[in-house]
Amino acid sequence: CSVETLPWSPEEVKIKMEGLSDVASFSTKLQNTLIQYHNIEEDKWRVAKKMKDVTVWRKPSEEFNGYLYKAQGVMDDIVSNVIDHIRPGPSRLFWDPLMTSLDILEHLEENCCVMRYTTAGQLLNIISPREFVDFSYTVGYEEGLLSCGVSLDWSETRPEFVRGYNHPCGWFCVPLKDSPSQSLLTGYIQTDLRGMIPQSAVDTAMASTLTNFYGDLRKALRKA
């Protein structure tokens, strides 16, 4: 089964803080978009990187001239702890080496916020530091949680960063049926890094970034 969603129009994502008036409908559309990705048939995906405890797939994005990535692996912790480490908050900076700063610009309705964060350079700085301004939303999904987001067009820029853009992305986390103390974490990421970067460098960076994300998150959960 699949959830029908309309394409994201420029008008929907050209939102300043004062224009984010209908948070409920914006959140619902974002949630439905992620559920649609979650229901894409397996044969549509191509393996981009496979390790013993995480697999990354990709397919052409329908949002931009790049790829939609899917990552999946089992985490040795309960759903709430996993999502608390992923969604916006101070704990993310403690364990995610790619993220160099994170500020909550505005708390909206419950479990909704606008955040600005920056990322470190990658591939010997072939990809320079990036800045993103995202709408973030966390909601229940089946027996677990979905934490999802999408970038907003934000007028304020900082010259030391290239402004990247996250098309609808998110993390589904559900308990394993036979082992509820473990969770299956599935992520969907489609990031337009923008700037003058060879596409091959972007593809290499995205697959490695996602596998490293799982490794770093596992270490953080063991320490928690």
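The lining of the largest pocket draws at least two residues from each of strand S5 (112-119), strand S6 (residues 130-141), strand S7 (144-151), strand S10 (169-176) and helix H5 (199-223). Helices (H or I, at least four residues) and strands (E, at least two) are DSSP runs, numbered from the N terminus. The model is a predicted one, in which local features need pLDDT of at least 70 and side-chain atom pairs count only at pLDDT 80 or more, while totals for chains, interfaces and linings use all residues. Residues are numbered from 1 along each chain as its sequence is written, and side-chain values use heavy atoms, with hydrogens and water left out.

**Chain overview**

- The protein chain contains 5 helices and 12 strands.
- Of its 224 residues, 49% count as buried, where buried means under 20% relative accessible area, exposed over 50%, and partly exposed in between (1.4 Å probe, protein chains only).
- Among contacts between residues at least 6 apart in sequence, 58% join residues at least 24 apart; contact means heavy atoms within 4.5 Å.

**The largest pocket**

- Rolling a probe the size of a water molecule over the atoms shows where empty space is left.
- The largest pocket holds about 660 Å³ of space.
- Its lining comprises 32 residues, of which Arg92, Asp96, Tyr117, Ile189 and Phe213 are the closest to the pocket centre.
- A pocket is defined on a 1 Å grid over the protein atoms alone, as an open set of points where a 1.4 Å probe fits, with protein on both sides within 12 Å along at least five of seven lines; a cavity is a set from which the probe cannot get out, and lining residues have an atom within 4 Å of a point.
- Grid points are joined across faces, edges and corners, and the volume is the space filled by probe spheres set on the points.
- Helix H5 provides the largest share of the lining, 6 residues.
- By residue class, the lining divides into 17 nonpolar, 10 polar and 5 charged residues.
- Ala, Val, Leu, Ile, Met, Phe, Trp, Tyr, Cys and Pro count as nonpolar, Asp, Glu, Lys and Arg as charged, and the others, Gly among them, as polar.

**Packing of helices H3 and H5**

- Two packed helices are described by the angle between their axes and the distance between the axes.
- The axes of helix H3 (residues 79-86) and H5 come within 11 Å and cross at roughly 120°; axes are lines fitted to C-alpha atoms, for helices over the stretch in contact, and angles run from 0 to 180 degrees between N-to-C directions.
- On the H3 side, the contact is made by Asn81, Val82, His85 and Ile86, and on the H5 side by Phe213, Leu217, Ala220 and Leu221.
- These contact residues divide into 6 nonpolar, 2 polar and no charged.

- Phe135 is part of strand S6 and counts as buried because its relative accessibility is 0%.
- The C-alpha atoms of Phe135 and Cys113 are 5.9 Å apart, although the two residues are 22 apart in sequence.
- Glu142 occupies the loop between S6 and S7 and is exposed, with a relative accessible area of 65%.
- Although not a glycine, Glu142 has a positive phi of about 50°.
- Ser147 belongs to strand S7 and is buried, with a relative accessible area of 5%.
- Not counting residues up to four places away in sequence, Ser147 touches Ile83, Arg87, Tyr137, Thr138, Gly170 and Trp171.
- The C-alpha atoms of Ser147 and Ile83 are separated by 7.1 Å, with the residues 64 apart along the chain.

**Residues elsewhere in the chain**

- Asp203 lies in helix H5 and counts as buried at 16% relative accessibility.
- Apart from neighbours within four places in sequence, Asp203 is in contact with Arg58, Tyr67 and Tyr69.
- Gln190 is found in the loop between strand S11 (179-189) and strand S12 (191-192), and is buried, with a relative accessible area of 1%.
- Leaving aside neighbours within four places in sequence, the contacts of Gln190 include Tyr37, Ser61, Tyr67, Tyr165 and Cys169.
- Ala24, in helix H2 (residues 23-38), counts as partly exposed at 40% relative accessibility.
- Ala24 and Cys112 are 88 residues apart in sequence and 9.5 Å apart in space, C-alpha to C-alpha.
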